[in-house]
Structures are given as structure tokens and as C-alpha cells.
Amino acid sequence: MTTFNPAEFAPTGLTPVEMAKFASARRASYFVEQGMRLGLGTGSTAFWLVRVLGHMVREQGLQIRAVPTSERTAEQARAEGIDVVTLQDVGWLDLTIDGADEFDPALNLIKGGGGAHLREKIVATASDRMIVISDASKQVDTLGAFPLPVEIVPFGWQATRHLIEESLLGVDVGARKSTLRMNGTQPYTTDEGNLIIDLHLSRIANARQLSLMLNQIAGVVENGLFVDICDTVVIGHPDGSDEVIDLVADSGLTDDSDASDNIFKDIAD
Ligand SMILES: O=C(CO)[C@H](O)[C@H](O)COP(=O)(O)O
């Protein structure tokens, strides 16, 4: 049990949207314990997590070793005084806390709006537990309104995109448009030097099937569907309140699995 107090960090003058993000990050920080090896997410909600943890490190003696999921987050974490290490350094993580673009009732996710879903998935699946921090706008009945990012290698990327588009004909989705993510006039490149194709699907009937299918295509590095990886979502609200959805606690079962178990579930299915 943590003896630290995330609520001590209390920024003022936040817009309602920022307050909701901050509230979710603050609540998730209560799950962080002394000595933990922690995965740090990427994005505007994870930004608040790093702020809260930075305060706990500097002012409350929290000691953590953190593996950031992007260069952006690494830079911010270092500036906050957090001990930044590599996944190779620590081998495995106790907990990853990250944002999401959408989550459904089973807590399956779309991630990668910030272009970091490859490292985010590696870090999350190398963790005992993944907690998502979010405002209520990310909660959906069915995934797919948010464009699904697919990271692909630059070599032969047009052919890879063509194969992705062809493969979509065989799955139950609401639409089948793809776009190359741009950064101004240039293609957006990830921290790994890859490109991103965003899939505008509107509705994804079977996230597990689609995820497996996309990752079988040569040139695809990773897609933004996180299936059976997250079991806790902390939702923050504009009034500063929060709620926790915890699949394990809500089911009354104990969690003897870890985030990497999804790989075996996928293969078994
Ligand atoms: O997946 C991500 C980055 O790749 C982010 O977690 C996701 O885009 C949510 O970001 P934000 O908290 O800014 O809404």
C-alpha cells in the first residue's frame, strides 16, 4: 500500500478538460508503490501522470524506475526528476499507466493517436498490470470511431498499405478508408522511424480478429488495438472526481495473470 499522497499536487486554473485528465492521473498515482518499476504512457493525460509522479519523487521521497513509451515522455520525466531507465535495464515492469483513444466495456483499447502505440504495447505487455487513465469521452460501446493506427516500415509502404486495405474486405467493419499520417507536408515518423496508416473503420466488430489479421501482413510492425491487455480504467471528470473500472475486482476473481497473457489468449482463440 502506498504511503504517498498524490493529492498534495494540486495545480490551479485548469480547464474542465484538463481537470478531467488530471483527476484520472492523480487517482491512478495511488496505485504506485515505493520501488516500483513503472511504464509511463504518452499523451496529454499521461502528461499529468508524469507531473504528479514528479511531485511525489521530489517532495515525498517516492523511488521508482520508469520506462517511458516515447522520447516526449522520457524528456518530461527526466525534467521532473524521475529515474528514467530502459526496459532492458529492468527486464519487467510492475505497472504501466497510460492513456487511450477509446476503451470498450471489455476494456479493449484503441491507442496510438499520439503515434506511440508500438512502444506502448511492448511496455504494457511487459508489465504485471496496465491501468488506463482517461476522461469519459474515450468510453465507447464498440471500438472504431477513432481511426485505428497501424505502424508500418517505410520500405515498400505503398504495397503494405494495399495489403492492409485488401485484408479489410474480409472483416466486419463499418467503413474501409485508410490515410497516411502526415506531419505538415511530410509523412509522420514514429520514434522507431516508421510510418503510420490510420484506418477509418467507424465500427470494429471483432477487435481480436482484426488485430491478429493486421499483424500478419508483411511490413506491419504493430497495430493500435490492445486486446485483453488492460484490466483497469480510471476515468476523471471535469469536476475533479473520478471513478475506477476494474474488471478483476468487479468480477470477484483474483488476478494471477499479467498483461502478456493476452498473447496466449489470442493464440488459443
Ligand atoms: O496512445 C496514445 C499515444 O500513442 C495516447 O495514450 C492516446 O492517444 C491518448 O492520448 P491523450 O491522453 O492525449 O488523449
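Colleague: So helices (H or I, at least four residues) and strands (E, at least two) are DSSP runs, numbered from the N terminus. Where does isoleucine 235 lie?

Modeller: Isoleucine 235 is in strand S15. Keep in mind that this is a predicted model: local features need pLDDT of at least 70, side-chain atom pairs count only at pLDDT 80 or more, and totals for chains, interfaces and linings use all residues. Residue numbers start from 1 along each chain, as its sequence is written.

Colleague: Is isoleucine 235 buried or exposed?

Modeller: Buried, because 22 other C-beta atoms lie within 10 Å. The cut-offs: 20 or more other C-beta atoms within 10 Å of a residue's own is buried, 12 or fewer is exposed, and in between is partly exposed, with C-beta atoms placed from the backbone.

Colleague: What does isoleucine 235 touch?

Modeller: Ser24, Ser134, Asp135, Ala136, Gln139, Asp242 and Glu243, leaving out residues up to four places away in sequence. Contact here means C-beta atoms, placed from the backbone, within 7 Å.

Colleague: New topic. Which residue does UniProt list for "active site"?

Modeller: Glu120, from an unreviewed entry. UniProt positions are in the numbering used here, feature names are shortened, and annotations may be inferred rather than shown by experiment.

Colleague: Where is glutamate 120 found, and what is it in contact with?

Modeller: Glutamate 120 sits in helix H5, residues 117–125. It counts as buried because 32 other C-beta atoms are within 10 Å. Its contacts, setting aside neighbours within four places in sequence, are Gly41, Thr42, Thr69, Asp98 and Lys111.

Colleague: And the ligand? Which residues come nearest?

Modeller: Gly43, Thr45, Gly99, Gly113 and Gly114, out of 17 residues around the ligand. Near means a C-beta atom, placed from the backbone, within 6 Å of the molecule or strand in question. H5 and helix H2 (44–60) each give at least two residues to that shell.

Colleague: How many of the shell residues are charged?

Modeller: Four, along with eleven polar and two nonpolar. Ala, Val, Leu, Ile, Met, Phe, Trp, Tyr, Cys and Pro count as nonpolar, Asp, Glu, Lys and Arg as charged, and the others, Gly among them, as polar.

Colleague: Back to H2. What is its reach from first C-alpha to last?

Modeller: 24 Å for 17 residues, close to the expected 24 Å. The expected span is 1.5 Å times one less than the number of residues. Buried residues of H2 include Thr45, Trp48, Leu49 and His55. Their cover includes helix H1 (16–29), strand S1 (37–40), H3, strand S4 (95–98) and strand S7 (130–135). Just after H2, glycine 61 has a positive phi of about 75 degrees.

Colleague: Now H3. Which of its residues are buried?

Modeller: In H3 (residues 71–79), they are Thr73, Ala74, Gln76 and Ala77. They share one side of H3, because their arc around the axis is only 170 degrees. The arc is that of the directions from the helix axis to the C-beta atoms. Glu71 and Ala79 are exposed on the other side.

Colleague: What about H6? Which residues are buried there?

Modeller: Thr160, Arg161 and Ile164. Those residues fall within an arc of 100 degrees seen down the axis, so they line one face of H6. The face turned away carries exposed Gln158 and Glu166. Strand S9 (177–180) and helix H7 (207–215) are among the elements that cover the buried residues.

Colleague: Last one: which residues other than glycine have a positive phi?

Modeller: Two to look at. Serine 202 has phi near 65 degrees, and aspartate 228 has phi near 60 degrees. Most residues other than glycine have a negative phi. Serine 202 lies in the loop between strand S12 (195–200) and H7. It is partly exposed, because 15 other C-beta atoms are within 10 Å. Aspartate 228 is in the loop between strand S14 (225–226) and S15. Aspartate 228 is buried, with 20 other C-beta atoms within 10 Å.

Notes:
Two residues are in contact if their C-beta atoms, placed from the backbone, lie within 7 Å.
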